[in-house]
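Consider the structure shown here, which is taken apart below.

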Amino acid sequence: MMRDGYVARWQGSEYEASPEGDTVRLYHHEPADGFEEVRPGRFVRVLPVAELDDLAYIRTTCSWQGQPFIVLARHDGWLRVEYTGGRWPVAEQLGLEAFDFGVYQGWAPANEVSDIREHRV
C-alpha cells in the first residue's frame with residue numbers, strides 16, 4: 001500500500017485522518033460505532049485531537065532511474081510519482097509533466113522503482 005497523507009491512531013486502530021484546527025476527521029471503509037456514512041463505503045467520525053493516541057503524516061518515497069521521488073498513487077502496475085530532486089533538466093529528461101511551478105510528476109513502471117520506504121512525519 002502506498003500512503004501519502006495524515007493517519008491517526010485512536011483506541012488501538014489506525015485511520016486515514018484529516019485534521020482541522022482542534023478536531024480531526026477519522027475515515028473508515030466500513031460501518032463502525034460512532035462513524036457516519038458520508039458516501040457508500042466511506043464513514044467518518046470527528047474527534048478532538050486531544051482524544052487521539054497519535055497523529056502523523058505518512059509519506060512514501062522511492063528511487064526511479066537513480067532519482068528521488070514521492071509515491072502518490074498506484075494503478076495497474078504503475079506508480080504515480082513526484083520528483084523531489086529539484087533539477088528541471090532531469091525532470092525533463094525523465095519525461096515528467098510540469099504539474100505546477102517546480103513540481104514534476106509522472107507514471108513509473110512499478111517494477112522499475114526501488115527503495116520504497118514509508119516515512120512518518
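Tyr6 has a relative accessibility of 38% and therefore counts as partly exposed, a class that lies between buried (under 20% relative accessible area) and exposed (over 50%), computed with a 1.4 Å probe on protein chains only. Tyr57, at 23%, also counts as partly exposed. The model is predicted, so local features need pLDDT of at least 70 and side-chain atom pairs count only at pLDDT 80 or more, while totals for chains, interfaces and linings use all residues. Residues are numbered from 1 along each chain as its sequence is written, and side-chain values use heavy atoms, with hydrogens and water left out.

The structure contains five aromatic pairs. Rings of Phe, Tyr and Trp (for Trp, its six-membered ring) pair if their centres lie within 6.5 Å; planes under 30 degrees apart are stacked, over 60 edge-to-face, and the rest tilted. The pair of Tyr6 and Tyr57 is edge-to-face, because the ring planes stand at 90 degrees, with the centres 5.0 Å apart. Tyr6 belongs to strand β1 (residues 4-10) and Tyr57 to strand β6 (residues 54-64), so this pair ties together parts that are 51 residues apart in sequence. Strands here are DSSP runs of E with at least two residues, helices are runs of H or I with at least four, and both are numbered from the N terminus.

Trp10 and Tyr15 form a tilted pair, because their planes are at 50 degrees, with ring centres 6.3 Å apart. Both Trp10 and Tyr15 are buried. Ring pairs join Trp10, Tyr15 and Phe35 into a cluster.

Contact means heavy atoms within 4.5 Å. Leu26 is found in strand β3 and counts as buried because its relative accessibility is 0%. From C-alpha to C-alpha, Leu26 and Val44 are 5.5 Å apart in space, and they are 18 residues apart in sequence.

How many bridges join strand β3 to strand β5? There are six, between β3 (residues 23-28) and β5 (residues 42-48), and the two strands run antiparallel. Two strands pair if DSSP finds at least two bridges between them. Within this pairing, Tyr27 stands opposite Val44 in β5. Arg42 lies over the face of Tyr27, 4.1 Å from the ring centre; the criterion is NZ of Lys or CZ of Arg within 6 Å of the ring centre and within 35 degrees of the ring normal.

Strand β5 is also joined to strand β4 (residues 36-39), by three bridges and again antiparallel. Here Glu37 stands opposite Phe43. The hairpin of β4 and β5 has two residues between the strands, and Gly41 takes a positive phi near 80 degrees in it.

Ser18 is placed in strand β2 (residues 13-20). Its side chain makes a polar contact with the side chain of Arg25 at 2.8 Å. Such a contact is a pair of N or O atoms within 3.5 Å; within protein, one must be able to donate a hydrogen and the other to accept it, and residues adjacent in sequence count only if both atoms are side-chain atoms. Not counting residues up to four places away in sequence, Ser18 touches Thr23, Val24, Arg25 and Tyr27.

Is Asp33 buried or exposed? With a relative accessible area of 74%, Asp33 is exposed. Asp33 sits in the loop between β3 and β4. Its C-alpha atom is separated by 16 Å from that of Glu51, 18 residues apart along the chain.

The protein chain as a whole has one helix and eleven strands, in the order β-β-β-β-β-β-β-β-α-β-β-β from the N terminus on. The radius of gyration is 17 Å, well over the 14 Å that the globule rule gives for 121 residues, so the chain is more spread out than a compact globule. This radius is taken over C-alpha atoms, and the globule rule is 2.2 Å times the number of residues to the power 0.38. Along its principal axes the C-alpha trace spans about 50 × 30 × 25 Å. Of the 121 residues, 35% count as buried.
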